[in-house]
Amino acid sequence: MYNDNPTLAGLQKEIDEDRQGEAFYQDVINEQEGSKFFYIESYGCQMNFSDSEIVASILAENGFAATRNMEKADLILINTCSIREKAELTVRKRLKIFDALKNEKPGTLVGVLGCMAERLKTKFLEEEKLVDLVIGPDAYRDLPKLIATAEDGDKGINVFLSREETYADISPMRLDSNGVSAFISIMRGCDNMCSFCVVPFTRGRERSRNAFSIIAEATDLLNKGYKEVTLLGQNVDSYKWENPESGEVVNFANLLEMTALVHPKLRVRFSTSHPKDITDEVLFTMKKYENICKYIHLPVQSGNSRVLDLMNRTYDREWYMNKVRRIYEIMPDCAISSDIIAGFCTETEEEHKDSLSMIEFARYSMSYMFYYSERPGTLAARKYEDDIPLKVKKRRLQEIIKLQTAISLERNQEDIGKVFEVLIEGNSKRSDQDFKGRNSQNKMIVFPKADGLKPGDYTMVKVTDATSATLKGNIVG
Ligand code: SAH
Ligand code: SF4
Ligand code: F3S
């Protein structure tokens with residue numbers, strides 16, 4: 001439970017540790033005299049970060065300027081995540097800080113966006129009295145109207161989920177961008193019903209965005225100097241868009257190919273793939289185009305068939321293993337990463353060991369690892385008892401992390417001596433004498449700078465050293 005009387009410094013540290021993305025939005029962008037200012041923070045998955053860019057664009061169109069200084073803001077927005085209890089607690093802590101600010105500067109509006117807004121709806125306004133706006137992920141076009149309502153002293157709320165909204169026509173305002181890589185949302189919502197997951201409830205039904213608007217966005221990014229786009233969706237492999245004029249259907253493999261063809265030097269990535277939906281057609285399209293990165297995030301969740309069945313993942317251990325074999329068969333140089341949940345309802349020690357052995361089998365380059373957190377309203381919360389003690393969940397998670405770290409190190413050490421094409425993203429965290437960038441397999445490589453090279457350039461780097469998280473190398477050629 002969170003502390004009711006927190007110190008700001010302590011809170012900030014905890015919150016920084018909780019945040020998944022690096023993006024903290026602090027300088028002033030588009031500042032114009034006389035305009036009202038908004039400040040936005042994002043938590044959760046990349047889709048939320050991408051949504052914040054849509055929100056920023058809508059606000060900019062409506063006379064707001066973005067600021068990275070929350071003290072200066074007339075409107076403070078927090079784009080929230082509900083995926084685990086901890087994600088929600090982080091947001092609650094953050095709201096306390098906003099409350100304090102609001103007390104000092106009456107008239108400041110505070111708005112909650114995203115998945116927590118959707119999950120809690122009007123309850124949010126009862127629980128957090130100082131929140132003025134509650135807006136779900138499909139209602140962002142309504143923001144200007146709701147802000148006007150809140151400025152008049154009423155609460156503004158819209159949490160309607162849509163079957164059509166994809167914000168296809170809105171050109172996102174890139175926040176915290178390195179100017180090299182950007183995200184493009186290609187679909188919204190999720191029609192799977194993984195029993196542990198709150199996303200179908202917070203994001204609504206799955207819908208795919210107009211393929212031409214996706215290609216137009218990729219082309220626009222290229223023209224602005226970007227070199228890498230990541231196509232985003234909860235389950236990108238079920239992307240399907242029908243051209244209303246021709247009746248032609250664009251599937252994910254087609255969309256990947258269309259994006260790859262925008263420019264041979266525009267790298268294409270995508271996330272997330274559901275193992276049940278990724279097809280050979282997608283794998284062969286990846287193989288065919290050098291600029292489609294050889295990296296697949298393929299969350300397994302559990303390595304045990306009984307647990308996978310309880311999770312309603314619709315594949316079993318064997319089926320998943322065959323998918324991994326197929327990927328390595330078609331693209332031996334492809335890296336695979338995963339999400340794994342420890343201590344799902346009724347999971348036995350033996351079944352937990354199946355998750356460990358899956359890590360060894362798939363030889364993931366990395367994984368996002370969690371212990372199970374029951375989410376109200378989900379299938380699992382209604383049907384199964386959350387019966388694994390927290391201590392056991394945490395111990396199993398530690399075992400998973402330990403093994404994955406060892407495998408990541410092994411996989412990275414295999415790269416020593418190899419030469420990779422790296423897209424330079426910027427200075428390394430540790431030294432401004434070094435650049436950092438990724439190879440096709442999404443591995444971060446740090447290497448000493450050379451004259452004439454800048455972020456956004458490609459360069460060949462030979463790997464000389466490796467930790468479990470990073471490769472080190474030198475420019476060659
Ligand atoms: N659409 C993606 C996942 C989105 S959520 C997919 O299907 O793979 C990101 C990850 O959070 C999930 O893959 C899962 O590992 C984790 N997660 C989701 N719900 C969770 C819960 N209730 N407890 C713990 N981890 C959870
Ligand atoms: Fe959640 Fe499953 Fe949908 Fe992923 S595919 S968002 S885990 S319901
Ligand atoms: Fe979180 Fe919503 Fe994404 S619950 S993980 S922000 S879709």
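**A parallel sheet and beyond**

Guide: Strands E15 and E16 pair in the parallel sense, over 3 bridges. Pairing here requires at least two bridges found by DSSP between two strands. Strands (E, at least two residues) and helices (H or I, at least four) are DSSP runs, numbered from the N terminus.

This is a predicted model, so local features need pLDDT of at least 70 and side-chain atom pairs count only at pLDDT 80 or more, while totals for chains, interfaces and linings use all residues. Residues are numbered from 1 along each chain as its sequence is written, chains are lettered from A and ligands numbered from 1 in the order in which they are written, and side-chain values use heavy atoms, with hydrogens and water left out.

Back to the sheet. It is open, with 3 strands in the order E15-E16-E17 and parallel pairing. Strand E15 (295-297) and strand E17 (366-371) are the edges. Each has a single partner strand, so one side of each has no neighbour in the sheet. Neighbouring strands are turned by 10 degrees against each other on average, direction ignored. Axes are lines fitted to C-alpha atoms, for helices over the stretch in contact, and angles run from 0 to 180 degrees between N-to-C directions.

His297 has Ser337 as its bridge partner in E16. On the other pairing, 6 bridges join E16 (residues 335-342) to E17, again parallel. Ser338 is partnered by Ser367 in E17. Ile340 stands opposite Met369 in E17. Strands of a sheet pair through backbone hydrogen bonds, either parallel or antiparallel.

Helix H15 (residues 390-413) packs on this sheet and touches both E16 and E17. Its direction makes about 175 degrees with that of E17. Contact means heavy atoms within 4.5 Å.

How covered is E16? 8 of its 8 residues are buried. Buried means under 20% relative accessible area, exposed means over 50%, and partly exposed is in between (1.4 Å probe, protein chains only). In a regular strand the side chains alternate between the two faces of the sheet. In E16, Ala335, Ser337, Asp339 and Ile341 point one way. Ile336, Ser338, Ile340 and Ala342 point the other way. All of these are buried.

Glu399 and Arg395 form a salt bridge, with their closest N and O atoms 3.2 Å apart. A salt bridge puts a side-chain nitrogen of Lys or Arg within 4 Å of a carboxyl oxygen of Asp or Glu. Both residues lie in H15, 4 residues apart, about one turn of the helix. Glu399 is partly exposed at 30% relative accessibility. Arg395 is partly exposed too, at 34%.

By this rule the count is 40 salt bridges. Another one joins Arg438 to Glu425, closest N and O atoms 3.0 Å apart. This pair links distant parts of the chain: Arg438 sits in strand E19 (residues 434-438) and Glu425 in strand E18 (residues 419-427), 13 residues apart. Arg438 is partly exposed at 23%. Glu425 is buried at 12%. Shared partners also join Asp51, Asp138, Arg188, Arg203 and Arg207 into one salt-bridge network. The side chains of Asp220 and Lys224 meet at 2.8 Å, N to O. Asp220 is partly exposed at 30%, and Lys224 is exposed at 55%.

Two buried residues from elsewhere. Ser50, in helix H2 (residues 46-61), has a relative accessibility of 4%. Leaving aside neighbours within four places in sequence, Ser50 contacts Phe183, Ser185 and Leu232. Its C-alpha atom is 30 Å from that of Met460, 410 residues away along the chain. Glu128 is in the loop between helix H5 (122-127) and strand E6 (133-135). Glu128 is buried at 10%. It touches Arg92 and Leu95, not counting residues up to four places away in sequence.

Last, ligand 2. Around it are Cys190, Asn192, Cys194, Phe196, Cys197, Val199, Pro200, Gln234, His274 and Arg313. Membership requires a heavy atom within 4 Å. By class, the shell has 6 nonpolar, 3 polar and 1 charged residues. Ala, Val, Leu, Ile, Met, Phe, Trp, Tyr, Cys and Pro count as nonpolar, Asp, Glu, Lys and Arg as charged, and the others, Gly among them, as polar.
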